[in-house]
Amino acid sequence: MIDLRSDTVTRPSEAMREAARDAEVGDDVYGEDPTVNELEARVADVLGTEDALLVPSGTMGNQVAARTHTDRGQEVVCERESHVYKWELGGLAQHSGLQVRPVAGDDRGVLAPEQVREAHVAADDHRPGTGLLTLENTHNSKGGTALAPETVDAAVDAAHERGVPVHLDGARLFNAAVAQDVPASRFVEPVDSAMACLSKGLGAPVGSVLAGDAAFVERAHRVRKLMGGGMRQAGIVAAPGLLALEGRDRLAEDHERAPPASGKASGVSRSATTACGSVPTGTSTTGTSGRRWRPSSGRSPDSSGRASARSSQATVPTVSLVHAFLESRGGPAEEKEDGEEKQDEHAHDPDEDEVDTPVEHAPG
Ligand SMILES: Cc1ncc(COP(=O)(O)O)c(C=O)c1O
């Protein structure tokens, strides 16, 4: 089966499974896992930063970055549809005591420099001050748009002029880089930290990386521990991550195979929109069963904005071709056994069909 819902439903290839099995390991909380150290050094090399840190997920990477850059009570300027604001359970407030100043970007999720200047709050006796600007590339909720680095440079400069650091949520940074034939390091060079996921499209089963200068990563290392992200023999995770990283240029094949999205997305690379699996309109994670959170009524949390699977199909011709991509690499997705009705957290719940209000973009 080729599963087109998202690039997060990938399964590791045989080579990744073997690499995990054979990985040399140590205790990474002590910094003694050689495979993690190798991955972090390789990421720093690829992204052009002094150092990097393996984290379990993209969400943790963003949250660790925010906590590392800021003081409690400060404001974070985020694009209004950004993942860190919209889809991370209010983590900026919950983990770091931050308040978000959401700003509506353009249809690709770009913030203009004047918007950054307007949103900035200087610290004084009454106001906490702006502690961080976050950017997202590719921009998930704007259809997975891959933004040219020059497009966001001005916003970064506007923040820096005011002494505000900038974090790049690059969950699909390598899609943005490959789609535009620009080195990933170019996107990271102007910002103060960047997160990239190895588990989306690149096929690693687990893991994201957070990159920045040595002082940032040293502080982030402590915050990762605080948030419960210190992992022990994590080489088992890092080894497939290394393979994921080395295979990043093959995202071009994924982009090639993905037909244009529903017509809403714009930006530098429309092909990246679907190929990066950012789940454009309506791939209804709300129409699911399994472990996903539900209120006691059994309805999904955003019952005002759900789509039926029917309306999802109508608005989303395709999402991600990652399984086909992985199969072509010799890492096929596992087949469902004949007649077996497997329910997983993405499975469609027919009860949801009654509701046909358009859903917002799915988080994954
Ligand atoms: C833009 C963006 N940032 C962060 C994340 C969070 O990544 P994770 O699911 O690994 O926590 C996602 C998830 O898809 C995302 O699309």
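D169 has M195 as its bridge partner in β6. The model in which this pair is found is a predicted one.

Strand β6 covers residues 193-197, and five of its five residues are buried. In a regular strand the side chains alternate between the two faces of the sheet. In β6, S193, M195 and C197 point one way, while A194 and A196 point the other way, and all are buried.

Which strand pairs with β6 in the parallel sense over four bridges? It is strand β5, residues 166-170. Besides the pair already named, G170 has A196 of β6 as its bridge partner. β6 is also joined to strand β7, residues 208-212, by five bridges, and these two run antiparallel. Here A196 stands opposite V209 in β7.

**The sheet as a whole**

Strands of a sheet pair through backbone hydrogen bonds, either parallel or antiparallel. In this model seven strands form an open sheet with mixed pairing, and their order is β1-β7-β6-β5-β4-β2-β3. β1 (51-55) and β3 (99-103) stand at the edges with a single partner strand each, so one side of each has no neighbour in the sheet. On average, neighbouring strands of this sheet are turned by 20° against each other, with direction ignored.

Strand β2, residues 75-79, is mostly covered, as five of its five residues are buried. E75, V77 and E79 lie on one side of β2 and V76 and C78 on the other, and all are buried. β2 pairs with β3 in the parallel sense over five bridges; within this pairing, V76 has V100 of β3 as its bridge partner. Three bridges join β2 to β4, and these strands run parallel. V77 has L133 as its bridge partner in β4.

| Strands | Sense | Bridges |
|---|---|---|
| β5 and β6 | parallel | four bridges |
| β6 and β7 | antiparallel | five bridges |
| β2 and β3 | parallel | five bridges |
| β2 and β4 | parallel | three bridges |

**The surroundings of the ligand**

How many residues surround the ligand? There are 14, and the closest are S57, G58, T59, H83 and A171. Helix α3 (residues 58-69) gives the largest share of this shell, with three residues. Sorted by class, the shell has three nonpolar, nine polar and two charged residues.

**Two packed helices**

Two packed helices are described by the angle between their axes and the distance between the axes. For helix α2 (residues 34-47) and helix α11 (residues 235-246), the angle is about 30° and the axes are 8 Å apart. α2 and α11 are therefore roughly parallel to each other. Their crossing is left-handed.

**Residues brought together across the chain**

K86 has its place in helix α4, residues 83-86. K86 counts as partly exposed because it has 19 C-beta neighbours inside 10 Å. K86 and S141 are 55 residues apart along the chain, and their C-alpha atoms are separated by 9.4 Å.

A252 has its place in helix α12, residues 251-257. Because 16 other C-beta atoms lie within 10 Å, A252 is partly exposed. A252 and A179 are 73 residues apart along the chain, and a separation of 6.6 Å lies between their C-alpha atoms.

**Backbone details in the loops**

Most residues other than glycine have a negative phi, and most peptide bonds are trans. Some places in this model depart from that pattern.

The peptide bond from N137 to T138 is cis, with omega near 0°. T138 lies in the loop between β4 (130-136) and α7 (149-161).

L89, a residue other than glycine, has a positive phi near 55°. L89 is in the loop between α4 and α5 (91-96), and it counts as partly exposed because it has 13 C-beta neighbours inside 10 Å.

D181 is not a glycine either, yet it has a positive phi of about 55°. The loop between α8 (173-180) and α9 (184-188) holds D181. Is D181 buried or exposed? D181 is exposed, because 9 other C-beta atoms lie within 10 Å.

Definitions and conventions:
Residues numbered from 1 in each chain as written. Predicted model: local features only at pLDDT ≥ 70, side-chain atom pairs only at ≥ 80, totals over all residues. Near = placed C-beta within 6 Å. Nonpolar A, V, L, I, M, F, W, Y, C, P; charged D, E, K, R; others polar. Buried ≥ 20, exposed ≤ 12 C-beta atoms within 10 Å, placed from the backbone. Pairing = 2+ DSSP bridges. Axes fitted to C-alpha atoms, helices over the stretch in contact; angles between N-to-C directions. Parallel < 35°, antiparallel > 145°, perpendicular 65-115°, else oblique. Left-handed = near helix turned anticlockwise from the far one by under 90°.
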